[in-house]
Amino acid sequence: MDWLSKNLFNTWYNSLLTVLCVWILFQGMLGFLGWVFTEANWQVISSNWRLFWIGRYPVTQQWRIWIIFALAVALIGLSWIQSKITNQKLKERIYYFGLLPLYVGFFPIIWWLIGGGWGLTPVGTNLWNGLLLTLLMSAVSIILSFPLGVLLALGRQSKLPVLRWGCILYIEIIRGLPLIGILFIAQVMLPLVLPNEIRLDRVLRAIAGLVLFSAAYMAENVRGGLQAVPRGQAEAARSLGLNAPLVVLLIVLPQALRAVIPAIVGQFIGLFKDTSLLSLFALVELTGISRSILAQPEFLGRYAEVYLFVGLIYWVFCYSMSMASRRLEKQLDVGRR
């Protein structure tokens, strides 16, 4: 009551504004709930549940997706257990000899399970649809764009003019182009300049476009962190006998990345949402499969239900990344001195 009286009802006009805002929110929520429970046709979601998640992936091969889901849950669980261990030496051993090999081999295993081959029935990328394709492209793009962005940021700080100006030109040119233009170049123009014997899959071309675009912005985020590290840190490391690569890898870069964790995660969230643009290039990810579902005769015009459900899925994953970022910041005491 004290907080309400100080912040919302401290003057007559604030009290009037508070009552007006509460009334507007109540009316809006009442209308929304009325639509949800009386007018909306949620059969469009229940009837196409499988299409939203895995699209046209063969029913007989769905067990592969369940294996991938089990592996992801197991990896997350092991990471959580490792984070709770207080013994620092044991924690490092578990990471380097247990979790790190799993991280390295996780995505090749996923790619093999989804695409087939090597003993499994091949499944073409034209059948990789829905949330499955969205998660796959965003995860691979995030993993590849991060080290490339770090290298570009370090290259921009280099004393070699050729390397420095090459990185600057790449970053500024890519940041000056819209993502839709980069994706158009990757999907339409790249096959025209490649030799006839080289034919990249359209999913790989889409990932290449996302990686090249995101790496330029990642480089600027990392460069901001590099500039935030005091010069005395590098000078002290060199005085101890460390050479330049070790100074960067062990002293400067960890502090720089720690300082820009919010910006890096924000870039990852943006990249995850940017995958929706791929529906313009006949890649049927989550947004593309939604358009296919809306073309079904029995569900024509059910845009609100479909896009509300799709928006909820995007929000869940983006909020999960944001929560993970805040937890990591808390563990590393980011922003505290």
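**Exercise 1.** How close do the axes of helix H9 and H10 come, and at what angle do they cross?

*Solution.* This is a predicted model, in which local features need pLDDT of at least 70 and side-chain atom pairs count only at pLDDT 80 or more, while totals for chains, interfaces and linings use all residues. Residues are numbered from 1 along each chain as its sequence is written, and side-chain values use heavy atoms, with hydrogens and water left out.

Step 1: helices here are DSSP runs of H or I with at least four residues, numbered from the N terminus. Step 2: the axes, which are lines fitted to C-alpha atoms over the stretch in contact, with angles from 0 to 180 degrees between N-to-C directions, come within 9 Å for H9 (residues 179-193) and H10 and cross at roughly 140°. Step 3: H9 and H10 are therefore oblique to each other, since angles under 35 degrees count as roughly parallel, over 145 as roughly antiparallel, 65 to 115 as roughly perpendicular and the rest as oblique.

**Exercise 2.** Find which residues of H9 meet H10.

*Solution.* With contact meaning heavy atoms within 4.5 Å, the H9 residues include Leu179, Ile182 and Leu183, and among their H10 counterparts are Arg202, Arg205 and Phe213.

**Exercise 3.** Describe the largest nonpolar core.

*Solution.* Such a core is a set of buried (under 20% relative accessible area, 1.4 Å probe, protein chains only) Ala, Val, Leu, Ile, Met, Phe, Trp, Tyr and Cys residues joined through side-chain atoms within 4.5 Å. The largest has 55 residues, and Trp128 is one of those with the most contacts inside it. Helix H10 (residues 202-228) gives the most to this core, with 12 residues.

Definitions and conventions
Buried means under 20% relative accessible area, exposed over 50%, partly exposed in between (1.4 Å probe, protein chains only). Helices (H or I, at least four residues) and strands (E, at least two) are DSSP runs, numbered from the N terminus.
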